[in-house]
Amino acid sequence: MKITMVGAGYVGLVSGVCFSDFGHRVVCFDKASEKIAMLEHGEVLIYEPGLNAVLARNVEAGRLTFTTDLTAAVDGADAVFIAVGTPTRRGDGHADLSYVMAAAADIARALTSYAVVVTKSTVPVGTNRKVAEVIRATRPDAAFDVVSNPEFLREGAAIDDFMKPDRVVVGVESDRAKGVMGDVYRPLFLRDFPIVYTDLESAEMIKYAANAFLATKISFINEIAALCERVGADVKSVAKGMGLDGRIGNKFLHAGPGYGGSCFPKDTSALARIGQEHGVPQRITETVIAVNDLTKRRMIDKVLDLCDGSVNGKTIAVLGVTFKPETDDMRDAPSLTVIPALVGGGARVRVVDPHGAREGAALLPGVDWLDDPYAATEGADCLLILTEWNQFRALDLKRLASSMTHARLADLRNIYDRADALAARFIAYDGVGRTPQARPTDATQRVAE
C-alpha cells in the first residue's frame, strides 16, 4: 500500500517509520523544509529509542521517503494520515484544530483518486466530521472516506507501542474504508493484536477517556502521597498493596512531582472543556488537573523546607528535567514549575539531563548545564531528583554527600531509600509520600545520624 503521513513531527514520524517497517510504501510530508532535509540525511530531531535504526533500515529499503511536495505525496495514496499538532489554545483550554483543518483542505486539493483520510492527531469529539466537511467544501468531486485512528504512543517506548499495541482503535463508517484500514494494519491483525472498530465519535472519545483515566491514577496517588506524609505511611507500600488488586493494576501508581508531557495536560484540559461545552462537566478530570498543579507547587515547598525555608544564595543540583525518562520532551514538565521558582528564589541551579538541554536551554534560563552528576553536586547545598533516568538510579551516594556543602536530598521520584541516603551521610532526605523525618525505631538511620 501507499501511505502518506501529513506532518513529520513525533506522531507522524514514528507512525510513518513503523508503517514502512510493516512493508508499506510511506511518504512523510512536512512543510518545514529544514526538517525534511535533515530526515533525508538520516537526522532525527527528536530523541526516541530505536527510531533512528528503524528509519535508516526502511529508507535504505526504499519504503520510506520524505518530501515537501504534498501533491506528489498524496498522488495514488491508499490512506492519507493527518498527524499535525493540536496544542491547547491559549486562554480557553480548547484543542487548537487550525492545523488539522488546514491539512484537510490541503489534502482535498491534492487528491487524485479515492483515498481514506485518517485523523491520527488527538482531536475533540466531532472533529472528524468537520474534516469531512472541509474536504467536501474544498473538493466537492473528491472520492474519500474519513477515519478516526487515535494514537496511543508512550514517549520513550513508542516503537514497541506501535509494533505491539494493546489495541488499535479505528473509527470508520463505510465498508470500503474499513477494508483499507484492515489492509493497513494487517501485520498486527495477523499477530492477534486487537483492532477495535467503532464509530467516529467513540474513537475520538476513547483517546481522551483513556488519557484522562491514566492522569487520574497519577493525581490520585500523588494526593494519597501527601496524606501519607502526614500520617506516617509510605506511599510505595500503599501503591504496591493497591496495585496487586487486579481491578486496579500497578501502572501509573508511582508518586512524584506530577504528570507532564505532550498528552496528559493537553488532553485532560480538552476533555474538561468538551464537558463544559456540552453541559456535562467532567468534575473528576477538572479535579485531576487542579491536583496536578498543586502537586508541582508542593515540590517547591519540599526543597525550601530542606533548605531551612530559603534557597537564596544556595546551590541546587538538579538531576533530570524532561517530563519522563527516555525522551527529550520538556512540554509541561514539572521542572518548568520547580526550577524557575528556585532561580527566582535566588538559587544557583546546576542541571544534568541526558537529553534535556536541547529544549531546556531556552525554557530554563539562568541555570548551568553539566554532564556529570558528581560535578553538579560539588559544593551544592541540596540535590534534587526530578526525572528518574536510569543513570541516576545507582549513583554513589557517599561520594555525592561527601562533595556537598550541605548534603540534603530531595528525591522526588523515590528512587532511593531514606535509610541508604542517611547511611551515606546525607543529613536530610525527603521523598514523595514518605515521612520527612527518620523514624527513631530505624537502627540504620540512628547510626547514620
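**Figure 1. Disulfide count in the predicted model.** The model shown is predicted, and the count comes to 0 disulfides. A disulfide is a covalent bond between the sulfur atoms of two cysteines. The criterion applied here is a pair of cysteine sulfur atoms within 2.5 Å.

Figure 2. The closest cysteine sulfur to that of Cys 18 belongs to Cys 28. Because these two sulfur atoms are 11 Å apart, they are too far from each other for a bond. Cys 18 has a relative accessibility of 0% and therefore counts as buried.

Figure 3. Cys 307 takes part in no disulfide. For Cys 307, the nearest cysteine sulfur is that of Cys 382, at 4.3 Å, whereas the criterion requires a pair within 2.5 Å. Cys 307 likewise counts as buried, because its relative accessibility is 0%.

**Figure 4. Centre of the second largest pocket.** The second largest pocket holds about 1200 Å³ of space. Its lining comprises 43 residues, of which Gly 9, Tyr 10, Val 84, Gly 85 and Arg 331 are the closest to the pocket centre.

**Figure 5. Helices and residue classes in the lining of the second largest pocket.** The elements that contribute two or more residues to this lining are helix 1 (10–21), helix 2 (33–40), helix 5 (98–110), helix 12 (264–277) and helix 15 (357–363). Helix 5 contributes the most, with 4 residues. Grouped by class, the lining of the second largest pocket consists of 19 nonpolar, 10 polar and 14 charged residues.

Terms used: Residues are numbered from 1 along each chain as its sequence is written. This is a predicted model: local features need pLDDT of at least 70, side-chain atom pairs count only at pLDDT 80 or more; totals for chains, interfaces and linings use all residues. Side-chain values use heavy atoms; hydrogens and water are left out. Buried means under 20% relative accessible area, exposed over 50%, partly exposed in between (1.4 Å probe, protein chains only). On a 1 Å grid over the protein atoms alone, a cavity is a set of points where a 1.4 Å probe fits but cannot get out, and a pocket is an open set with protein on both sides within 12 Å along at least five of seven lines; lining residues have an atom within 4 Å of a point. Grid points are joined across faces, edges and corners, and a volume is the space filled by probe spheres set on the points. Ala, Val, Leu, Ile, Met, Phe, Trp, Tyr, Cys and Pro count as nonpolar, Asp, Glu, Lys and Arg as charged, and the others, Gly among them, as polar.
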